[in-house]
Each structure stands twice: as structure tokens, then as C-alpha cells.
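Hi there,

Here is the structure I promised to pass on to you. Have a look at it first, and then read my notes below.

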Amino acid sequence: DLMDTFGQNDVSDADDDDVINNLHTCINLIASAIDEGTGQWVREHNKGATQSYSDDEEDFIPDNNHSVTHLEGYCSDTDATVLYIGTIPRCREIHHTTGFLFEDNVHHKMIMRQGQLFRDEFQFRRAVEVFSLREGFKLCIIENGPDLIHLECSSLRCDWKIVGAKISTGNSFIVKDISLTHACHIKRAFKCTSKWIAANYLHLWKQNPETASVEVKQQIIQTFGVVCPEWKIFKAEKRAQQLLGKDHVQGYTRLTQLKTEIERINSHNIVVLETKDEDSGCSKIFHRMFVCFHEPAFTFKMNCRNFIAVDGWVINSVHKSVMLVAAALDGNNDILPIALAEVEIEDFTSWYFFLNNLNRALRRENGEGLCIITDGDNGVLEAIEDCIPLAHCRQCCCSIYNQMLVQFPDPPVKDLFWAACRSTSEVQFTRYIKMIQSSSIECHQWLFQTQWKKWALHCMPVWVKCTNVTIMLTVYLRNSFAKFFSLSIADRFAAISSFIADTYERRRLSGWNWLRNKITPSVQQQIRNRVIQGQQIRILYSTGRQMKVEDTDSMTYEVDITSMTCTCRLWQLSGIPCSHACRCLEELGENIEDNVHQLFSMDQYRTTYASGMDKLPERSKWQLKLCDEILPPSALDNTSFIADDLYDQTLVPTQNDTKETHVEASGAKVSVDNKFVSSSIYVYLQYANISNSYLEHLHLS
């Protein structure tokens, strides 16, 4: 088509200027065709996500935080890089972010400037969307990742761009680079969509959250001469409140309605909503809430390993809260959320509330047959001991490592520690511990003062069939749920419910795509890796199905194919043949997949998700119900709320600190004689009826 424009001339005689002029004309023709078309022009990028422009409901810039891939095919081997870094990525939050800014004049132009801070990547994406809708141009996605977002104007004649990056000290996003002006001709026309109305009149709702829809309707008539339906404006108001975070109070009032809907879609779902009376006694104030969906709980009991990781996440919203979560792994090592709870603070009583309801949902007698791994902070260990004493409790090795760094800022035994905690046999563990002792006697003594049987892998019961020594799977789960944390509490639980239901359906379909497989793809990959490792292993002698092998370190191991055991104990712990067993099975000509535990079979995986999961209806379709209004807990001041209490267990007392024997308002610390102790430990001691006079004489730190 372009040749028809320039003619069928021989270009061999053309000089450089002619070629440049022809290319310039081609670019202008393409740009004009794009500007005149109705479709959205999006440049593809191998690291970005490309989607067509959504006219109303969906977000144009997708929340590309790899939330799906984080949950699929997880195994302890993927923790290798994190293990040697030695810390779980938990960042300090910056509370004083600017968010949406507007000029204080009649135009109310939205401000986007270099250095502007946003709460997280999701708020940054929404802000750029609003900015483009207000300015009337279309966006082109160049890079859309969890740490860097690069967007440009879609017009090829315009060089406008904005680059946002995640700051190193937290989850906040900062505008790293932005162009000041547009070179393209911007057309601003009215669009009767809730997204467009919410973006262009967002300044009204920010100035006054109680702005009436009639006022917005009149401004649209005066500016554009268009009569917009009131239901569309009402929908735009809800979207604007969500963008500004002004709908959190309404979220608490909808909790009773949410509880009814969750129980209506499946009568076996468990929702426990607890409130406390206001001082006046007229209203109810939110205290805590527990949610466990029947399908994940039933799936865990019948088809998954009895291994649960529990963790607490600080949610930095208007009303500060903590989300407690329990997650497991299915046969494909996919992360499966089992139960959620939202509490005001993370302490012993909150964990007791969560674990007690979790045990009731799973119908375990005092936690019998469960293996629970946790970071051990904020009273969770005490709650496990009191609530589910028969459960096997494990402690995250990253937590132990961080405690070691506090005692020894630069320990010379970093690699040896991780080698010891990952050792699958007592012989290997003892060997690395002796090496730690020869390198640092102080570190060796400190490690043995810890409850090392709770974090050493070789002490894991073989019936668990899991080799995880960290709670990294909950960190991946948090990354997947992070985009819901800015929502109101009711919308947050509803969105997480829909996310889990979609995950169920996706995995159910994937199970039927792997009909030819005998075991799950994740386990197949682990076997391939172990077969490669086994190529360097030498068989010393064989007596039928019992063999003795030697690895490259001159270590010998005995393998018994019949009993599915190896003296390295990795086969017994994981349920998957180790590299020594793979070498022996290949020597015997047997299929390695036939010697994998039944939990990892495709039949078991398809059974796991065969029932599917009922999805919550849209909020507009929730049944109305007369009930007591639930008020949110009082918003905590940023100066009194310690967002990093999960991660930082030390405080420096000041001269103004006084002796206190009660839990602080933040629920983070209690001080006794200027010695600080976690409030969860204090509450636990109070539960044990230890007197205050005795506490005052303790030297606690």
C-alpha cells in the first residue's frame, strides 16, 4: 500500500535524503491511521503486559505483579537464592505518600511530578490511568513490572513518558522520570463511562467525599451539554471513593452482608465475625474476622500434605490491621490458601483466635496430624502450644537467621548455617554443626540454645512429605494478594474469594490438559534435575534392589528400592526419589515416576480441584439484610503505630519512658522498668497469672 503512494520507482537511484523523506512520510501516515482509528495502540514488550483499552470496568494498565506464577509450581528448591540472602523480603512502609494531587484553582488540573510518592505500584498505575483520562490521551505500555513501570503516549508524534520505580526501603512507588508537556494534539471529549466520569471529577470527591451525584450531573451538563444517567454517576462515585480510599467505612458496614453471602454460596463455609461494644453501647465496633472456605479446607484434608505455613501481614490502610493467613501446597507444589483472618493487632490472643477457628474448620483433634511452620513472632508459638498442642510445630529458618544477625552482625558461618538447616540426615547436620563450631564458638553456642529441632530439616517427620524450611510460600501469597490491600475490608475479602475461585477453575482445567502425565509437572522437573545430579554418582555394589552408591564428595549412601528409602533421607522426607535413588532406578531400568508418592500423582491433582469452587456474586447482587451497623476501629496515628513490629523486635527506650504493666495502644510493645518485651509475651504471662510485682523484677529485653 505504501508503494502505491510513492510509485513503483527504482529506489536504487535514490539518495539518502529521499529515503529519509520517504520514511518520514510513512511514519506520519501510520501515525495518522492510528490516531483516527478506534483501537488502542499498544507496543508489545517481552517483559510487559499488553491489553486492549477497556471502555469501563477493567483497568487499562494491568496489575502485572506475576500473581498467578507466584502461586504455581512452588517448591523448596526455589528458595535457594533467598536462603543465602538470609532474609524474607519484608519492607518498611512509608505512610506519608502524596497519592492523587490537584491544582487549587478553577481548572483542578491533576499534578504528576518527578519525585511524587505513591503507596505502592497499584496506586501508581491507577494514578497514571486517571491522569491519561483527564488529559485525553491514550497510554502505551513499555514496561509493566512489580519494580518498574514505564508508560508513554501512544501517539508516535509525541515523546511524553512517565517512569515509576519501587523505592529500595519499602513498597512505595516514586515517579522517577516524567515529561512535562505533550507534543500531540489532545482531544478531550465526554465519554459516558463510570471510569471516565470518576477520573475527570475525582477532585470533587477528594475535596468533599459527600459530594452529591446531582452536583456532578449538573457540571457534566454545563461543560459538555450531556445528560448522564444517575446510575452511571453513582457507579463513578463508588469508583472514585475506591481510588481515594474513602470507602473503608462502608466496607465495615457491609461485613455482615458479606458474611451472609459467603455462607449462602456454601453452607459449609465458616465465617466468624466478632465485634465489641462502643463506649456508648449503641453501636458495634469491628474486632476481628475469620474466613475459611469449604473447598480449600476439604481439599487440604483429603488430597494435600499435612503441611501448613502461617504468617501475619500488616495492611497499611486507613484503619490499620493485620491479616493472618494459613497456606498449604498441593501435589503440583501450587500454593493453596486455606484460611484468612483480619485482626487489629498481631498478638497471642489474635493467633489463638485464628488457630482455634482453623482447627475447628479442619476438624483436627488438638491439631493432631498437622505440621505448622511459622516465624515464631508475636505469640504464635505460644498460641500453637495452647490451642493445638498435638501439632508438630516448625520454625522458619529465615527467622532464626535474622535473630543470629542481631547477635552477630557479620557471622562467618552464613553458608554453613544454611547448609546445616537444609541437611536431610543427622550425619550431614552434625558435620556442618562441627564446622560451625570450628569457625565460631559463639555462633555454635547460640544456635544450640535455640530449639534447633524445630528448624533443622532432618527433624521433619517423614509423614509430612515436605522439605520447606522457610515460610516463603506465604510471601509469594502476599505478593499475589497485595493488589487487594488498598480495598475496603469487605471488598478485600470478596476479591480474595474470587481470586481463589478463579485459581481453582484454572487448575481444574490444567489438570485435564496433563492427561498423559502420571505425576505433576512440578515433580517431573524435580526428577529431571535429580537425574542430572545422579549422573555423577557411582554404584559400588548391588544386591538385588538394595544398592550402595558413592557421590562426588566420596560420601556413601545405601538405597533400598523396595522400601523407598535412602540413607540421605531426602526420598523419605520429600516422597520423591533423590539423586541416589534415581541413579539406582535407572541402573535397574525401572520407571522413576512409579516410585513417587501418591500425593504427587495427576489423579490426585485432578481430584483436588474436580469439585471447583463457588464464586461470590457481584456486590450489587448481594442480598439486603437488616442488621446492626458495624463501625471501623479508630484510625491509628502513624506515629503510634509500629508497622515494622513484625520484623523489628528491638526498641530503644527514651528518658520519658516510664514503668508500664499494660498493653500499649499499638499492641506492639510493653515496657517494664524500661525493658521492652513483645506484648504477646506479656499477654501470655498474664494468662499464666504471673503477678505484676514479679514482672517488674524481671530483666526483659
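Let's begin with one residue: Val-427 is part of helix H16. Please keep in mind that this is a predicted model. Is Val-427 buried or exposed? Val-427 has a relative accessible area of 60%, and exposed means over 50%, so Val-427 counts as exposed. Along the chain, Val-427 and His-458 are 31 residues apart, and their C-alpha atoms are separated by 9.4 Å.

Now for the helix around that residue. Helix H16 covers residues 426-439, and its axis comes within 5 Å of the axis of helix H17, residues 441-449. The two axes cross at roughly 135 degrees, and H16 and H17 are therefore oblique to each other. On the H16 side, the contact is made by Ile-433, Ile-436, Gln-437 and Ser-439. H17 contributes Ile-441, His-444, Leu-447 and Phe-448. What kinds of residues make up this contact of H16 with H17? There are 5 nonpolar and 3 polar residues, with no charged ones.

The buried ones are Met-602, Gln-604, Tyr-605, Arg-606, Thr-608 and Tyr-609. Their cover includes helices H11 (294-303), H19 (489-513) and H20 (521-534), along with strand S12 (335-343).

Finally, a note from a record: an unreviewed UniProt entry places the feature "domain: SWIM-type" at residues 557-589. In the model, that stretch is 45% helix and 18% strand, and its end C-alpha atoms lie 20 Å apart.

Enjoy exploring!

Methods:
Residues numbered from 1 in each chain as written. Predicted model: local features only at pLDDT ≥ 70, side-chain atom pairs only at ≥ 80, totals over all residues. Heavy atoms only, no water. Axes fitted to C-alpha atoms, helices over the stretch in contact; angles between N-to-C directions. Helix = DSSP H or I, 4+ residues; strand = E, 2+ residues; numbered from the N terminus. Parallel < 35°, antiparallel > 145°, perpendicular 65-115°, else oblique. Contact = heavy atoms within 4.5 Å. Nonpolar A, V, L, I, M, F, W, Y, C, P; charged D, E, K, R; others polar. UniProt positions renumbered as here; feature names shortened; annotations may be inferred. Buried < 20%, exposed > 50% of the residue type's maximum accessible area, 1.4 Å probe, protein only.
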